[in-house]
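Please consult the sequence and the model shown below while reading.

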Amino acid sequence: MENGANLWAHYSWKFIGAFIRRIGRTTAVAVGGGLVIIQIASSSGYIQINWQRIHRDTEKAVRMVKAAEKQVTRNKSNAQQLASAVTREVSKNGVVASAFVVGILFAIW
């Protein structure tokens with residue numbers, strides 16, 4: 001019975017993999033073809049692209065990414081300060097800290 005189940009699972013996963021590959025290829029062709037069609041329509045004059053708006057939106061996205069990077073850096077330094085404070089307190093109160101850890105372990109287990 002187990003061999004039959006393993007064989008069934010093997011072919012099921014093989015089918016799923018082939019299906020997902022086919023969907024991926026179809027999606028890639030559709031997206032790529034759409035981009036080519038848009039480029040041809042743009043160069044033929046059917047589509048007018050507002051490059052100033054694209055530039056403005058790109059600059060806005062860059063500013064947002066830079067602000068997010070600053071926030072991450074700020075949070076990282078806060079986490080480092082918190083970790084050093086916790087380490088300092090644990091070193092001062094080793095018995096209480098070890099009892100706390102053992103209590104947590106008992107609660108989890």
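How many positive and negative side chains does the chain have, and how far apart do the centres of the two sets lie?

## Charge and basis of the model

The chain has 14 positive and 5 negative side chains, with the centres of the two sets 5 Å apart. Lys and Arg count as positive and Asp and Glu as negative, while His and the chain ends are not counted; each charge is placed at NZ of Lys, CZ of Arg, CG of Asp or CD of Glu.

The model is predicted: local features need pLDDT of at least 70, side-chain atom pairs count only at pLDDT 80 or more, and totals for chains, interfaces and linings use all residues. Residues are numbered from 1 along each chain as its sequence is written, and side-chain values use heavy atoms, with hydrogens and water left out.

## Fold and dimensions

The secondary structure comprises 3 helices and 0 strands, in the order α-α-α along the sequence. Helices (H or I, at least four residues) and strands (E, at least two) are DSSP runs numbered from the N terminus.

The radius of gyration of the chain is 29 Å, whereas a compact globule of 109 residues would have a value near 13 Å. This radius is taken over C-alpha atoms, and the globule rule is 2.2 Å times the number of residues to the power 0.38. Along its principal axes, the C-alpha trace spans about 75 × 60 × 15 Å. The C-alpha atoms of Trp8 and Ile54 are separated by 52 Å, the two residues being 46 apart along the chain.

## Exposure

Of the 109 residues, 2% are buried; buried means under 20% relative accessible area, exposed over 50%, and partly exposed in between (1.4 Å probe, protein chains only). The accessible surface of the chain comes to about 10,300 Å², and carbon and sulfur atoms account for 67% of this surface. Areas come from the Shrake-Rupley method with a 1.4 Å probe; for residues, only the protein chains shown count as cover.

Trp8 belongs to helix H1 and is exposed because its relative accessible area is 66%.

## Surface patches

Trp13, Phe15, Ile16, Phe19, Ile20 and Ile23 make a nonpolar surface patch of about 700 Å². Within this group, Ile16 lies in helix H1 and counts as partly exposed because its relative accessibility is 35%. Patches are made of residues with over 30% relative accessible area and no salt bridge; like charges are joined within 9 Å, and nonpolar side chains (Val, Leu, Ile, Met, Phe, Trp, Tyr) within 5 Å. A salt bridge is a side-chain nitrogen of Lys or Arg within 4 Å of a carboxyl oxygen of Asp or Glu.

Lys14, Arg21, Arg22 and Arg25 form a positive surface patch. Arg22 is found in helix H1, which covers residues 2-44, and counts as exposed because its relative accessibility is 61%.
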